[in-house]
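Please read the report below alongside the sequence and the 3D view.

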Amino acid sequence: MLRQMLANLQEVVLGTKLAVLFPAIPLAVVADFYNFGRPWIFALSLLGLAPLAERVSFLTEQIAYFTGPTVGGLLNATCGNATELIIALFALHQNKIHVVKYSLLGSILSNLLLVLGTSLLCGGLANIRKEQRYDRKQADVNSLLLLLGLLCHLLPLMLKYAGGIGNSTALYTLQLSRASSIIMLIAYITYIFFQLKTHRELFDSQEEEEEEEETAVIGFWSAFAWLVGMTIIIAVLSEYVVGTIEAASDSWGISVSFISIILLPIVGNAAEHAGSIIFAFKNKLDISLGVALGSATQISMFVVPLSVIVAWIMGIRMDLDFSLLETGCLAFSIIVTAFTLQDGTSHYMKGVVLFLCYLVIGACFFVDSIPLIDETTGNLGVKKSSGALTA
């Protein structure tokens, strides 16, 4: 039993290159216990979340070997973005609707532009003399779902501007957002059924390639126990992150929008980023696209509407109006990605364009002002000077 515990410890904790960041977890707890500076608590918690997010993805893959593709697919759909979901729930509990919206929006942008862009860039450079091809059918399905999610984000925004900003319009926007969230969840459940039952052949080649290279390295119950433990630790660190994000923003002179949209998703998407680039290097673009687009679809069609429904249950007025600037960035990112993937081939120039789009959006939110949030409605319309600008 002792040998098995040590073997599991080596596989789970030391089996990742991000293991060097694990000491940040106890340091964050100590910093909070002894009331160190809140920016220090935020920074250490952020560093500690990176290896945890990667290991949760690893553990769900291990469990999937024992549960079969159907349950494994549902488990990956639920736990694949566990970090973003837990951060969103803690932010809702503290009534920080702007942090929820910013972090989820940033996760979609990160997967579409940063993860997919760097994967296409690295894969194109590594296979510069080969023609890189992928199956367009899977990419088309994800693009359609992302466009549906974009429509559900645009309609509350357009309704607000069409009816004029006021209490009555805010109520209609909230009601429309809740109805749209239910529709988005129905669409995502249909997508899971489509992927795992009726049209599995579209995703079979991807699963077969993964199974050829990997087998389960730890037992089912060991993986389950580790998954529960790491989820609890993610919850603790997420509470630290949400509670100290404003203090870190004031101390560092960086807007909350930049921290939430750029920094948090980079940490939460560490597993997707590393895995997608590795498969792109091996010229397995179907898997890379499945990782990046699949994660973006999960956030857009599952985590975002689920957050709205949970906020509804908690009596919090969260809607799908992400304001004009944020929704515009989302719209152009989805459109650019859809155009990039339309011909079924890839080269490094496509990756360059997506990556540069992400840099431009990051620069935009770096110089953007910090919003004054109306916590009762979650609207992001009123601005004030950013610490980054006044500094």
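## Buried and exposed residues

S45 is buried, at a relative accessibility of 0%. Here buried means under 20% relative accessible area, exposed means over 50%, and partly exposed lies in between (1.4 Å probe, protein chains only). S45 sits in helix α3, residues 38–67. Helices (H or I, at least four residues) and strands (E, at least two) are DSSP runs, numbered from the N terminus. Not counting residues up to four places away in sequence, S45 touches A28, L237, Y240 and V241. Contact means heavy atoms within 4.5 Å.

The model is predicted: local features need pLDDT of at least 70, side-chain atom pairs count only at pLDDT 80 or more, and totals for chains, interfaces and linings use all residues. Residues are numbered from 1 along each chain as its sequence is written, and side-chain values use heavy atoms, with hydrogens and water left out.

T297 belongs to helix α13, residues 285–314. Is T297 buried or exposed? T297 counts as buried because its relative accessible area is 0%. Its contacts, leaving aside neighbours within four places in sequence, are N142, L145, L146, Y188, Y191 and F302.

Two loop asparagines come next. N35 lies between α2 (24–33) and α3. Its phi is positive, about 55 degrees, although N35 is not a glycine. N95 is in the loop between α5 (82–93) and α6. N95 also is not a glycine, and has a positive phi of about 60 degrees.

The table lists relative accessible areas.

| Residue | Relative accessible area | Class |
|---|---|---|
| S45 | 0% | buried |
| T297 | 0% | buried |
| N35 | 66% | exposed |
| N95 | 30% | partly exposed |
| F224 | 38% | partly exposed |

Helix α6 covers residues 97–126, 30 residues in total. From first C-alpha to last, α6 reaches 42 Å, close to the 44 Å expected at 1.5 Å a residue. The expected span is 1.5 Å times one less than the number of residues. Where does α6 bend? The bend is at S110, by about 40 degrees. A bend is the angle between axes fitted to the seven residues ending at a residue and the seven starting there. Helix α6 is mostly covered, with 26 of its 30 residues buried.

Helix α14 spans residues 324–340 and has 17 residues.

## Surface and whole chain

V29, W221, F224, V228, I232 and V236 make a nonpolar surface patch of about 570 Å². Patch residues have over 30% relative accessible area and no salt bridge; like charges are joined within 9 Å, nonpolar side chains (Val, Leu, Ile, Met, Phe, Trp, Tyr) within 5 Å. A salt bridge is a side-chain nitrogen of Lys or Arg within 4 Å of a carboxyl oxygen of Asp or Glu. Helix α10 (residues 220–252) gives the largest share of the patch, five residues. F224 is found in α10.

The chain has 16 helices and four strands. Of its 391 residues, 53% are buried. Among contacts with a separation of 6 or more, 83% join residues 24 or more positions apart. The accessible surface comes to about 17200 Å², and 68% of this belongs to carbon and sulfur atoms. Accessible areas come from the Shrake-Rupley method with a 1.4 Å probe; for residues, only the protein chains shown count as cover.
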